[in-house]
Each structure stands twice: as C-alpha cells, then as structure tokens.
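I opened my notebook to look up a few things in this structure. Here is what I went through, entry by entry.

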Amino acid sequence: MPLGGKPPEEPAPPIRRRAAASLQRAGEEPTPHPADVRGAREEATRDEETGARMHKEGRQERPSFMTELREGLSYTVKNHFALTILIMNVIWATGGGSINVIFERIGGVYFAGTEGWNPDVAVAMLWTATGFGLTLGMLIARRTSIYLDRKGFNHGFIGWTLIIHGVLFSLAAFMPTLWLFSVIVFVSRAIVGVEYAVQETMFQRSLPDYIRGRISTLDRGAELTMFGLSSYVASGMMFYITPQTLTIISGVLSALAGIVSVSYTHLTLPTSDLV
C-alpha cells in the first residue's frame, strides 16, 4: 500500500454481487396499484360466492335418496337383464357368505388338528389361495372377454362358469389334505374371478348413464346384505353340521346362480342394447 494512500477495494464475492443485482431489479419493478389488488380480491370473492350458490342450487335440484332408490328398483323390475344379474348375485351370496366360517373351521380347526398345522398359517393359506385365484382370473378376464365377444358366448360362459365354480368348491370338502383343499380353492376362485369381470362389464355396458350408479348401488347393497346374513346363518350351523358339509352346501348354493343364468335368455343382449 502506498504511503498515505487508500487501500485498494476488494472485489465483492459472487453471492453479494448476485444479491445486489436482485435488489436493484426489484426496485425497478412497478408496485401493483392498490385498486388492482382490491379488484383481484373482489373477483376471487365473487367466484367463491358463485361457486357456493351453484353448489346449493345443484343440491336442491337433486332428488332425494328414497326417490333415486325407487327409480332404481323400478328400472330393475322392468329390465330383465338387470333383474337377472341382481338375482344371480344374491343367490351367489347365499353360498359365498359362508366362506369366512368355512376357512376358519376347515383350516384353523379341522386341518390344524388332523395334520398339525398352525391354525393361523392354515387359515392364511386358504386366503392366500383365494387371493391368487382371483388375481389370475382378473388378469385373464380382458382376453377372455374379447374372445367371448367374438364368439357371442357371454351368456353361456357366465352361467357355466358359475356352475363349475360351485361344483369345484363342493368337491373341496372331500380333499384329505390342506394343500389339496387350497388348490381347489385357487382354481374355483380363478374361475369366479374371470366370470365376475366379464359379467360386471356386460352389466355396466347395458345400463344407461343416468341410472347406472343407482342400479349398481342397489345390486351391491343387496349382495352384501345377503352375504352378511349367510355368514351369520353359517356360524350358527356349525353347532349342528361339520365344516365339510357347510362347504358342500356353499358350493351348491353358488352353483344355483349359474343355473339361473343358463335358464334365462335375458343375458344375451343384442349389440344395439349396449350403451
């Protein structure tokens, strides 16, 4: 440093230079006018009020739940296809509702005692076989549906697969080991999995848009109600019959749904009826 001179200025670090440039640009940008801010706030308020008013008007115009339920029931009674599907699902649920009791008694009690299985493991094996079977059925459902559409065999497929599913499940009662029982459960569930996917696709395609949700809710509600009642009755029957007998009854009742399907020709819909 020269004698009596000023020390040279050190260059500012890069971070300080960028911060100074940002502050300079911010000072050059115009500040929004208060009227503009107030106008934007009023516009947002108007949008909220309009949305609330439209929502309220929409709720007032919608019919009540009981009105929609009556419309769904009326359509189901008049439409033979929808009525047949509803009856099929309710009949199937009379047999399918006992599945929880069957697995608990067959796996957790019978095979746990005769083969020395851990009760929890035995029940888990049956539910695992069920899950894998349903997964396989859903995976092949799309290809199966395409093939059935080309052949025009949807009606026969739904009925006969339900019958085969029920018969197979009844035969599981005669299996001497848990492994064989699980294999039969896997195959029967794979069959009903692909059947359900094909059936539900046909069902949804056949319903008009304005009524589809009501019919689906009615169908699912009736099926689950019967499912619960069947489970309750099956629990009480365990005081009087064996799990194997209950398995046979469950399979036969499930097969009855297929017999209803085969007996009615309403499942064969012309293409013009599909929406």
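**Salt bridges**

I began with charged side chains, and I counted six salt bridges in the structure. I keep in mind that this is a predicted model.

I looked up Arg205 next. Arg205 makes a salt bridge with Asp149, and their closest N and O atoms are 4.0 Å apart. I then checked where the two partners sit. Arg205 is in helix H8 (residues 178-206) and Asp149 is in helix H6 (residues 119-151), so this pair ties together parts that are 56 residues apart in sequence. I noted the exposure of each partner. Arg205 is partly exposed, with a relative accessible area of 34%. Asp149 is also partly exposed, at 40%.

I moved on to Arg220. Which side chain meets Arg220 in a salt bridge at 3.7 Å, N to O? I found Glu200 there. Arg220 lies in helix H9 and Glu200 in helix H8, so the pair links parts that are 20 residues apart in sequence. I compared each residue with the cut-off. Buried means under 20% relative accessible area. Glu200 has 16%, so I wrote it down as buried. Arg220 has 25%, and I listed it as partly exposed.

The side chain of Glu223 meets Arg220 in a salt bridge of 2.5 Å, N to O. Both residues are in helix H9, three residues apart, which means about one helical turn separates them. Is Glu223 buried or exposed? I read a relative accessibility of 12%, and Glu223 counts as buried.

Glu200, Asp219, Arg220 and Glu223 are joined in a network of salt bridges.

**The largest pocket**

I turned to empty space. Rolling a probe the size of a water molecule over the atoms shows where such space is left. The largest pocket holds about 400 Å³.

Which residues lie nearest the centre of the largest pocket? I wrote down Trp92, Leu134, Val192, Tyr196 and Glu223, out of 20 lining residues.

I sorted the lining by element. Helix H4 (80-96), H6, H8 and H9 each give two or more residues to the lining. H8 has the largest share, with six residues. I sorted the lining by class too. I got 11 nonpolar, five polar and four charged residues.

**One serine in H9**

Ser231 is in helix H9 (residues 209-237). Its relative accessible area is 19%, and I marked Ser231 as buried. The cut-off for buried is under 20%. What does Ser231 touch, leaving aside neighbours within four places in sequence? I found contacts with Gly97 and Val101.

**The whole protein**

I finished with the overall picture. I counted 10 helices and zero strands. Read along the sequence, the pattern is α-α-α-α-α-α-α-α-α-α.

How many of the 275 residues count as buried? I noted 36%.

The accessible surface of the protein comes to about 17,000 Å². Carbon and sulfur atoms account for 64% of that surface.

Definitions and conventions. Residues numbered from 1 in each chain as written. Predicted model: local features only at pLDDT ≥ 70, side-chain atom pairs only at ≥ 80, totals over all residues. Heavy atoms only, no water. Helix = DSSP H or I, 4+ residues; strand = E, 2+ residues; numbered from the N terminus. Buried < 20%, exposed > 50% of the residue type's maximum accessible area, 1.4 Å probe, protein only. Contact = heavy atoms within 4.5 Å. 1 Å grid on protein atoms, 1.4 Å probe; cavity = no way out; pocket = protein on both sides within 12 Å on 5 of 7 lines; lining within 4 Å. Points joined across faces, edges and corners; volume = space filled by probe spheres on them. Nonpolar A, V, L, I, M, F, W, Y, C, P; charged D, E, K, R; others polar. Areas by Shrake-Rupley, 256 points an atom, 1.4 Å probe, with all protein chains shown as cover.
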